[in-house]
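Please keep the sequence and structure in view while reading.

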Amino acid sequence: MSVTEQGTGTLALNAEVVVTVLENEAVLLDLQTKFFYSINASGWAIVQMLEHGARRADIHAQCRDWGAPPEAAGVVDQFLDRLAEDGLLVQGATPTGVASASLPCPWSVPVVEKHREPLQRIMVSAFDPSIPLAE
Amino acid sequence: MGLQRGTTGKARNKCGGTETGNRGAPALFCCGPLEVTVSAPCPVLRDKVAEGLSLYNVPWAPPRRSVALDVIEADVRVPLGRGTYLSCARMQVDATDDGLRATSPSGTTCSAATGGDRWTITVPQAIDARVLIDIEDAVGLVLTTSWRWLGWVPLHAGAVVGDGCCALLTAPSGGGKTTLTAALIRRGWRTLGDDKLLLRPSGSGRPEVRALQHHFNLHPHTGRWFPEVGDLERLPTYSTWTEKRKVRIEDIWPGHAGEQGTPTHLVLISRRQDITGLGLTRLGHGDVLSALLHQAVIPNDRAIARQVLSTLAAAAQRLQGVRVEIGPEAYADPNCVAPLEAMLR
């Protein structure tokens, strides 16, 4: 059973993930895997709810408030599954606060794009992130 | 003890003071927005640290943040860390209860309190070549960490400016940043450096990039295409790891060293053995973001990582990207970069 199939459980953003918000998107970086992701505005609105922990049912309800049609529940679940597959979500965490998510533009299908090349785990030096050459 | 500005032996940089010749005194080095005061009783260690700090020879106007760097000898063995904050080829950096501690296989350590202004490098009493290399790494950690604490993001990239354009030149080490920079200088561009820059959001929200070093590391074969660099073979190598020679930009291209810019473009450089001249393609936003993130070290500290990510992602949004593929003898033609210039201007 996937993380998002457990309707009563709380989902939360993995503590290893940092996020920055841009005009119409956000960028997520997983400090553990070094992979980074771009998400669109609707995706970022959902991720805001996950920063403090949220139940799937609450996420669906909030998306409907943002203008998502009832049939969008499937794409929201797919979005959450995609984040969970890559370890960006953890399940069962106690909510640490009340999510104050907002969507500043019309609802659209939430999209996450995983960038192909992760950042280096081991690098040449504190200034040079290149792959170290063998000595 | 008097303060000796910017000199220990042969090393100096641009803190504006005069040399006193007093080798036992602390020495002051200006490294971008930092004023680093080095205290090192051992002349060998003092010269090694000075050598590293004096590379940052671009004058920055005050205010500068003061940082103290003490270099001491002690035979206290610290186990190699796990690199929870940062993992480098020869150095592991870990978060401690009150700050950071770096450890290296030679026994060299480097530590500071978080956000603090005092660093300590401790080296074994038996100083060998490994220790000296590890001091280079430790000095790099002191600077890059202190710069981040001031809100700057160290960027492993070159930059050229001209006609309202500022292009960041990105590639891995040895990937061709210096040679492309030289080719653009030859066409009238100015450069902020070929390898190390600082980036931050300016007051207007646009990114601001500043120069740190006004010298190039040139491979002797560069002279084949750029006769103005002269015979580089006569210069000493500056590291056992590379054939490159260190030369001052102003010595070769007077008037072509710049100090700051507002980045407008990102150029992603790669070498291609199977093409002639330069191949150019536009980069999408995702590729620009990826290229920029791959030119910066992002430590495993949430607050710092968020700051770096935020700065780079915001900058990437404002940059137009160009992929440049460079054939083996492309620079034999001085006009080879003209199509690239047309895309930048």
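## Interface of chains B and A

In this predicted model, 43 residues of chain B are in contact (heavy atoms within 4.5 Å) with 32 residues of chain A. The buried area, that is, the accessible area (1.4 Å probe) that two parts lose on being put together, summed over both, is about 2,800 Å² here, and carbon and sulfur atoms give 65% of it. On the side of chain B, B:His294, B:Arg302 and B:Leu309 lose the most area to chain A, together 19% of what that side buries.

Across this interface the rule finds zero salt bridges, a salt bridge being a side-chain nitrogen of Lys or Arg within 4 Å of a carboxyl oxygen of Asp or Glu.

## Elements on the side of chain B

The elements of chain B that give two or more residues to the side touching chain A are β7 (86-87), α2 (129-149), β12 (153-155), α5 (285-293) and α6 (302-317); helices (H or I, at least four residues) and strands (E, at least two) are DSSP runs, numbered from the N terminus. Of these, α6(B) gives the most, with eight residues.

## An enclosed helix

Helix α3 (residues 177-185) of chain B is largely enclosed by the rest of the structure, because nine of its nine residues are buried (under 20% relative accessible area, 1.4 Å probe, protein chains only). These buried residues pack against elements of chain B including β13 (158-162), β14 (165-170) and α7 (338-344).

## Conventions

Residues are numbered from 1 along each chain as its sequence is written, and chains are lettered from A in the order in which they are written. Local features need pLDDT of at least 70, and side-chain atom pairs count only at pLDDT 80 or more, whereas totals for chains, interfaces and linings use all residues; side-chain values use heavy atoms, with hydrogens and water left out.

Definitions and conventions
Buried means under 20% relative accessible area, exposed over 50%, partly exposed in between (1.4 Å probe, protein chains only).
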